Amino acid sequence: REALSRLKMMGMIESRTRRGMILTEPFILGGMKRVVDPRIMSQESLLDLLGFRVALEIGISSDIFHNIKEQDIMELEEIVNAGVALGNNEYANLSEYTFHSKLYEITGNKTIVQFQSIIHPVMNFVKTNLRERVEAINILNFIKNKDEMGYRNAIEQHFYVYKKLIYDRAVLGEQNKGQSQ
């Protein structure tokens, strides 16, 4: 029973009512999902995850443009139109989450889609506690115009505040290390 319990915790077996247990492919990011909680993570770990997300968002640009279909563009437009714009030209967290989730889905990579659900609480925490102001950019226009380079540049600009925060942390760490020596 202990072995079965451990295998179930690892996501390698699944219990099905009246059918017993079956072997399954484990959720790749399952362990990560269990430990990613901004309330118990250090600021450094949160910034590392933020940096990973920024790199991922920029890195998936080609996949988005390679895989996108007209139906996807229509769904992205619906998300933007349904989004509640706040006074400072930012979209509500749910609208932004839904939009980026759709972009992740378009890549066709299930692990990237899973990552979005894991990183969501971290992004909310970072937005609330660690950032100045992320510039809202209408990246949908670049997608509609099939302008991959414009999209990539817009995403870089959109995440500039986060990248600066990550860079400033690295510079501050180096300065502190130099002062302590």
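Of the 181 residues in the protein chain, 33% are buried, where buried means under 20% relative accessible area, exposed means over 50%, and partly exposed is whatever falls in between (1.4 Å probe, protein chains only). The model is predicted, so local features need pLDDT of at least 70 and side-chain atom pairs count only at pLDDT 80 or more, while totals for chains, interfaces and linings use all residues. Residues are numbered from 1 along each chain as its sequence is written, and side-chain values use heavy atoms, with hydrogens and water left out.

The overall layout comes next. The protein chain has 10 helices and two strands; here helices (H or I, at least four residues) and strands (E, at least two) are DSSP runs, numbered from the N terminus. Read from the N terminus on, the order of elements is α-β-β-α-α-α-α-α-α-α-α-α. Contact means heavy atoms within 4.5 Å. Take the contacts in the chain with a separation of 6 or more: 65% of them are between residues 24 or more positions apart. Accessible areas come from the Shrake-Rupley method with a 1.4 Å probe, and for residues only the protein chains shown count as cover.

Now for a pair of residues on the inside. Glutamate 57 sits in helix α3 (residues 43–59) and, at 0% relative accessibility, counts as buried. Histidine 100 belongs to helix α6 (residues 93–106) and is buried too, with 4% relative accessibility. The two side chains make a polar contact at 3.0 Å. That term stands for a pair of N or O atoms within 3.5 Å; within protein, one must be able to donate a hydrogen and the other to accept it, and residues adjacent in sequence count only if both atoms are side-chain atoms. Not counting residues up to four places away in sequence, glutamate 57 touches His100, Tyr104, Ile155 and Phe159. With neighbours within four places set aside in the same way, histidine 100 is in contact with Arg53, Glu57, Gln116, His158 and Phe159. Histidine 100 and leucine 76 are 24 residues apart along the chain, and their C-alpha atoms are separated by 9.2 Å.

Ile155 and His158 turn up again in helix α9 (residues 148–158), where Gly150, Tyr151, Ala154, Ile155 and His158 are buried. Seen down the axis of α9, these buried residues fall within an arc of 135°, so they line one face of the helix. The arc is that of the directions from the helix axis to the C-beta atoms.

The surface has its own features. Leu4, Leu7, Met10, Met12 and Met21 make a nonpolar surface patch of about 420 Å². Leucine 4, in helix α1 (residues 2–9), is partly exposed, with a relative accessible area of 40%.

Most residues other than glycine have a negative phi. Arginine 18, though not a glycine, has a positive phi of about 60°. Arginine 18 is found in the loop between β1 (13–16) and β2 (20–23) and is exposed, with a relative accessible area of 85%. Lysine 146 also has a positive phi, near 55°. Lysine 146 lies in the loop between α8 (139–144) and α9, and at 54% relative accessibility it counts as exposed.

Methods:
Patches are made of residues with over 30% relative accessible area and no salt bridge: like charges are joined within 9 Å, nonpolar side chains (Val, Leu, Ile, Met, Phe, Trp, Tyr) within 5 Å. A salt bridge is a side-chain nitrogen of Lys or Arg within 4 Å of a carboxyl oxygen of Asp or Glu.
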